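Please keep the sequence and the coordinates at hand while following it.

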Amino acid sequence: MTNSEVIAKLKTRFGDTVLATEEFRGDLTVTVKKEEIVRVAEFVKTEPDLAFDLIIDALGVDMYRPEGRFEVVYIIYSLNHKRYVRLKVRVDEENPVVPTVTGVWPGANWHERETFDMFGIRFSGHPDLRRMYMPEEFEHHPLRKDFPLMGIPDSLPLPRR
Amino acid sequence: MAIESLQRDGFLTTRLDEVINWARKNSLWPMPMGISCCAIEMMATASPRFDISRFGSEVMRFTPRQCDVMIVAGTVTYKMSKVVRKIYDQMPDPKWVISMGACASSGGMFRSYSVVQGIDQFIPVDVFVAGCPPRPEALLHGLMELQNKIEKERTIGSLVRKEPVWIPEMPVAGKAGQPA
């Protein structure tokens, strides 16, 4: 199944939900509506021709632009057909909430926790949305573009000397 | 004289500080706080080729309760700093700290929000060893410098080691500069 056939299959099934498709050196990226990500995920996993059954990574991107500042990218793989695809959703700064795909790929659990920790994107329905790397009491999200490289003074307490 | 007769009988006189420090500096048991790649060089230092046991420090104990010197070998993040401090607190006095390598000493190449820019911000450090990572010889040099430092320490009269201890001058009965 070629990339164009994958695109055609998604477009016939979901129509307007597929916002954009992009191909770069054979890699396919499909941007879909945020609200529909779980339905798309279930479809591409269960459809036998696609069978994207393994989640490689789920990550955030801060594009630092007025509209749809963040992106969440799901890199998924089909063990049967040995092919990758990237699913992408755009997330607003005001309401950075994305439905979780842990119901489809349980492996997304920690990836979504990391994305929450680093970007402050919340995943609604996530079973255990705690910070991954930073301490629990930390209030910021370090991989946002407006976070200073050296951090915010006194936001991470050190033990008494 | 009495001292000469003592020497004839196999005694010698010395200062208590000298004896205690001699014992302390030649049996420094390290706490291997190996956090990242510097720990590999620290392990090499313990190997027969470099042989840290020449300096009495071969007994790497993996419990802080039996250790004298903590070798902080690696990048200390803010999240890890509480652990390092807790282990340091569990070591019995007298205790010393060697900050091994650029990361532990200054944050090293990790000039970043998550890495402590020098562990002396939360524990007292006795010796900083430069290098990324330092060669085993450099760590041994640091250990020898620590031994020199211990040699000059006061053992009694300064029970709390890390605080500066002010020893008042002896009251002088006679004129200034003259013995009482």
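Two strands are taken to pair if DSSP finds at least two bridges between them, where strands (E, at least two residues) and helices (H or I, at least four residues) are DSSP runs, numbered from the N terminus. This is a predicted model, in which local features need pLDDT of at least 70 and side-chain atom pairs count only at pLDDT 80 or more, while totals for chains, interfaces and linings use all residues. Residues are numbered from 1 along each chain as its sequence is written, and chains are lettered from A and ligands numbered from 1 in the order in which they are written.

**The sheet of chain A**

Chain A holds three helices and seven strands, which follow one another from the N terminus as α-β-β-α-β-β-β-β-α-β. Five strands of chain A make up an open sheet of mixed pairing, in the order β1-β2-β5-β4-β3. Because β1 (18-24) and β3 (54-62) of chain A each have a single partner strand, they stand at the edges, and one side of each is left without a neighbour in the sheet. From one strand to the next the twist averages 20 degrees, with axes taken as lines fitted to C-alpha atoms (for helices over the stretch in contact) and angles running from 0 to 180 degrees between N-to-C directions.

Strands of a sheet pair through backbone hydrogen bonds, either parallel or antiparallel.

| Strand pair | Sense | Bridges | A bridge pair |
|---|---|---|---|
| β2(A) and β5(A) | parallel | three bridges | Thr31(A) and Lys88(A) |
| β3(A) and β4(A) | antiparallel | eight bridges | Leu54(A) and Tyr77(A) |
| β4(A) and β5(A) | antiparallel | nine bridges | Ile75(A) and Arg86(A) |

In the hairpin of β4(A) and β5(A), four residues lie between the strands, and Lys82(A) takes a positive phi near 55 degrees. Helix α1 (residues 3-14) of chain A packs on the sheet, where it touches β1, β2 and β5 of chain A, and its direction makes about 175 degrees with that of β1(A).

**A helix of chain B**

Chain B has six helices and four strands, running from the N terminus as α-α-β-α-β-α-β-α-β-α. Helix α6 (residues 136-151) of chain B has 16 residues, which at 1.5 Å a residue should span 22 Å, and its end C-alpha atoms are 23 Å apart, in agreement with that value; the expected span is 1.5 Å times one less than the number of residues.

Which residues of α6(B) are buried? They are Leu139(B), Gly142(B), Leu143(B), Leu146(B), Gln147(B) and Ile150(B), a residue being buried if 20 or more other C-beta atoms lie within 10 Å of its own, exposed if 12 or fewer, and partly exposed in between, with C-beta atoms placed from the backbone. Seen down the axis of α6(B), these buried residues fall within an arc of 145 degrees, so they line one face of the helix; the arc is that of the directions from the helix axis to the C-beta atoms. On the other side of α6(B), Glu137(B) and Asn148(B) are exposed. The cover over the buried residues of α6(B) includes α2 (16-25), α3 (38-46), β2 (69-73), β3 (96-100) and β4 (127-129) of chain B.

**Between the chains**

Nine residues of chain A are in contact with twelve residues of chain B, two residues being in contact if their C-beta atoms, placed from the backbone, lie within 7 Å.
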